[in-house]
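Reader: I am new to this structure and would like to learn how to read it. Could you take me through the features, with the general idea before each case?

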Amino acid sequence: MERRGVLQSVIAFASLLGAGVLPYGVSSLLAPGKARAKRNYLRPPGALKDDAAFVAACIGCGLCGEVCPPRCIRFHARDGAAMVNTPYIDPEQKGCTLCNKCMEVCPTKAITVVSRSEIDMGIAEIDRTACYPWVDRGVCGACVSICPLGAKAIVFKMWNQYQPIIKQGCVGCGLCVEVCPHPSLPIWVIERPHPTPQRNKASS
Amino acid sequence: MTLPSHKPFFLWRHLNKLRWLTLSVVFAMLVLLPYLHVYQTYVAAHAYDLLAPSEQQVYDVMEALTEPFVGDPAEDLDAIKGNTWSGTFWGVQLSDPLAALGQSAAGMTLYWPFWLTALIPIALSAVFGRFFCGWVCPATFIYELNSNFASWLRWAGLKVGNRHFDKRLKYVVLALGLILSAVTGSVLVAAIYPPAIVGREIYYVIGIGGFGAGTMFFVGTLLFDLLIARRGFCRYLCPGGALYSLLGRYRLVRIRRIVETCNDCAKCNAVCEFGLDPLRDGFGQECNNCTACMAVCPTDALTFILRPADVPAQGPGHLGRRYRGEHTEIDGTAAEQEEAA
């Protein structure tokens with residue numbers, strides 16, 4: 001029977017495909033959650049800006065995490081199989097110290113070697129309605145003192161007032177988020193809205 | 001009857017012990033490296049006095065282990081990093097060929113610096129075949145312990161799975177994984193490849209804290225091996241095993257049966273983790289040169305051969321009952337001598 005043979009081969013092919021897809025299905029079932037789009041999750045410094053390209057280039061070997069001196073690089077271990085263990089930095093836990101070790105060790109082009117001022121993990125933003133000095137509730141300056149980039153990234157509004165102001169030189173390392181003493185974290189890192197080519201020069 | 005030329009080199013049957021040593025060293029390194037990294041972070045932070053007592057114990061142990069070898073732990077211990085999926089050893093970066101292939105499929109690009117890191121494993125696979133699966137893979141370490149556990153269970157009278165599927169299924173898994181990687185744009189083969197899972201999950205649990213989803217998948221494969229098919233994931237499903245099998249199809253170093261000294265006891269078939277058929281010269285591209293069959297052979301009838309293809313089937317072993325039954329008239333005296341001995 002012609003039809004019967006065709007049917008059998010179709011069934012055999014379908015079951016072969018099913019058995020082949022099975023491990024991938026199981027692995028995605030075990031990590032069902034979608035990647036959390038928390039506002040403060042950053043990619044490591046030097047990571048490709050296009051996140052789809054980054055996920056495609058990253059093989060999830062974990063080398064960037066294994067060389068990170070402050071152990072700030074964590075991994076999407078349960079956030080969906082599509083993210084397959086790509087690295088992220090949660091600055092609320094640990095900020096990046098811009099040591100560049102992850103760039104040097106990454107075997108793929110997911111994290112590329114860039115100079116310190118060309119790192120673009122984002123840019124910090126301050127909620128001036130909550131930050132202690134901005135609402136006139138004392139002096140703080142923790143974010144300004146921790147900043148590894150100094151005056152080109154964050155400065156005080158005036159020398160004797162402690163209201164911090166973000167400059168365009170900020171690369172979004174998130175150390176300020178880590179040290180901020182305010183419980184609601186009035187400082188966080190956002191996507192850089194308008195990447196300016198001149199941002200790395202000394203800004204106004 | 002046994003001629004000197006039919007004797008394999010006497011060390012070959014001890015290679016299996018060396019293999020267990022290698023597997024143990026690789027696995028121990030995967031456990032040690034995250035602890036060393038944790039120690040490095042403590043050193044870099046100059047934070048000994050701020051550590052909890054358990055963290056101070058880690059610090060002390062790692063300092064005692066590494067003090068003779070390194071001057072500045074925070075920098076010098078970066079010499080060895082990573083796992084078998086991708087790692088760096090004194091500046092030499094090595095990657096799994098499956099990582100390179102999966103990344104090329106996911107990004108639909110060929111990034112040659114990364115392929116260069118996979119070159120040494122590819123060259124070794126072309127010579128030694130699927131040796132990674134038997135000699136290096138950290139998942140094999142656990143899978144073999146698991147299958148030893150299964151044989152204990154069988155000895156105790158419990159039923160363990162021993163189903164057989166088509167070994168070609170893993171090539172379908174590999175092809176589908178590459179296609180799915182290209183479609184979804186992420187390296188999906190990494191999510192189901194046990195050595196990659198084991199390497200990074202050990203790091204997660206020691207370096208970061210908390211298992212990822214890969215651990216559940218790996219436990220699932222262990223149960224699959226235990227309850228459904230012996231070494232089932234490696235035999236039928238592993239995409240990396242499929243890639244290594246393809247790379248080792250025309251490998252140079254093979255295991256050969258010496259038909260003159262084989263007595264058809266079939267211990268080699270029973271011990272073969274990958275369900276191959278050494279008794280009938282059925283090694284094929286799946287053989288990973290693990291040498292377990294050599295170690296178990298009572299008459300030393302297995303040896304290495306340098307040849308890009310298997311020797312064709314040589315028939316029953318000359319010391320076996322079947323061969324002697326067929327050749328009693330021709331070689332009766334020798335057979336009688338063998339029986340008397």
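**Helix packing in chain B**

Author: The buried residues of helix 8 of chain B pack against helix 1 (15–45), helix 7, helix 11 (194–208), helix 12 (213–227) and helix 13 of chain B. Helices here (H or I, at least four residues) and strands (E, at least two) are DSSP runs, numbered from the N terminus. Contact between two residues is defined by C-beta atoms, placed from the backbone, that lie within 7 Å. This is a predicted model, in which local features need pLDDT of at least 70 and side-chain atom pairs count only at pLDDT 80 or more, while totals for chains, interfaces and linings use all residues. Residues are numbered from 1 along each chain as its sequence is written, and chains are lettered from A and ligands numbered from 1 in the order in which they are written.

Reader: Which residues of helix 8 of chain B are buried?

Author: A residue is buried if 20 or more other C-beta atoms lie within 10 Å of its own, exposed if 12 or fewer, and partly exposed in between, with the C-beta atoms placed from the backbone. In helix 8 of chain B the buried residues are B:Pro138, B:Ala139, B:Thr140, B:Phe141, B:Tyr143 and B:Glu144. Just after this helix, B:Gly157 takes a positive phi of about 95°.

Reader: What span does helix 8 of chain B reach from its first C-alpha to its last?

Author: The expected span of a helix is 1.5 Å times one less than its number of residues. Helix 8 of chain B, with 18 residues, reaches 26 Å, close to the 26 Å expected. For helix 11 of chain B, the 15 residues should span 21 Å, and the end C-alpha atoms are 20 Å apart, which agrees.

Reader: How many residues of helix 11 of chain B are buried?

Author: Helix 11 of chain B is mostly covered, with 12 of its 15 residues buried; among them are B:Pro194, B:Ile197, B:Arg200, B:Glu201 and B:Tyr204. Just after helix 11 of chain B comes B:Gly209, which takes a positive phi of about 105°.

Reader: Is B:Arg168 buried or exposed?

Author: B:Arg168 counts as exposed because it has 12 C-beta neighbours inside 10 Å. B:Arg168 is found in the loop between helix 8 and helix 9 of chain B, and although B:Arg168 and B:Ala242 are 74 residues apart in sequence, they are 8.4 Å apart in space, C-alpha to C-alpha.

Reader: In what order do the 3 strands of the open sheet in chain B lie?

Author: Strands of a sheet pair through backbone hydrogen bonds, either parallel or antiparallel. Two strands are taken as paired if DSSP finds at least two bridges between them. In chain B the 3 strands form an open sheet in the order 1-2-3, with antiparallel pairing. The edge strands are strand 1 (80–82) and strand 3 (92–95) of chain B, each of which pairs on one side only. Strand 1 of chain B pairs with strand 2 (residues 86–89) of chain B over 3 bridges, and B:Lys81 has B:Thr88 in strand 2 as its bridge partner.

Reader: Into which domains is chain B divided?

Author: Domain bounds come from an automatic or database domain assignment. Chain B is divided into domain 1 (83–251) and domain 2 (252–341), whose C-alpha centres lie 30 Å apart. The contact takes 18 residues from domain 1 of chain B and 13 residues from domain 2 of chain B. On the domain 1 side, helix 6 (119–128), helix 7 (131–135), helix 8 (138–155) and helix 13 (232–237) of chain B each supply at least two residues, and helix 7 of chain B gives the most, with 3 residues.

Reader: Which domains does the assignment of chain A give?

Author: The assignment gives domain 1 (51–114) and domain 2 (118–200) of chain A, and their C-alpha centres lie 23 Å apart. In the contact between these domains, 9 residues of domain 1 of chain A meet 10 residues of domain 2 of chain A. Chain A has 6 helices and 6 strands, and of its 204 residues, 41% count as buried.

Reader: How many residues of chain B are in contact with chain A?

Author: The contact joins 48 residues of chain B with 39 residues of chain A. On the chain B side, the largest share, 7 residues, comes from helix 9 (residues 169–184) of chain B.
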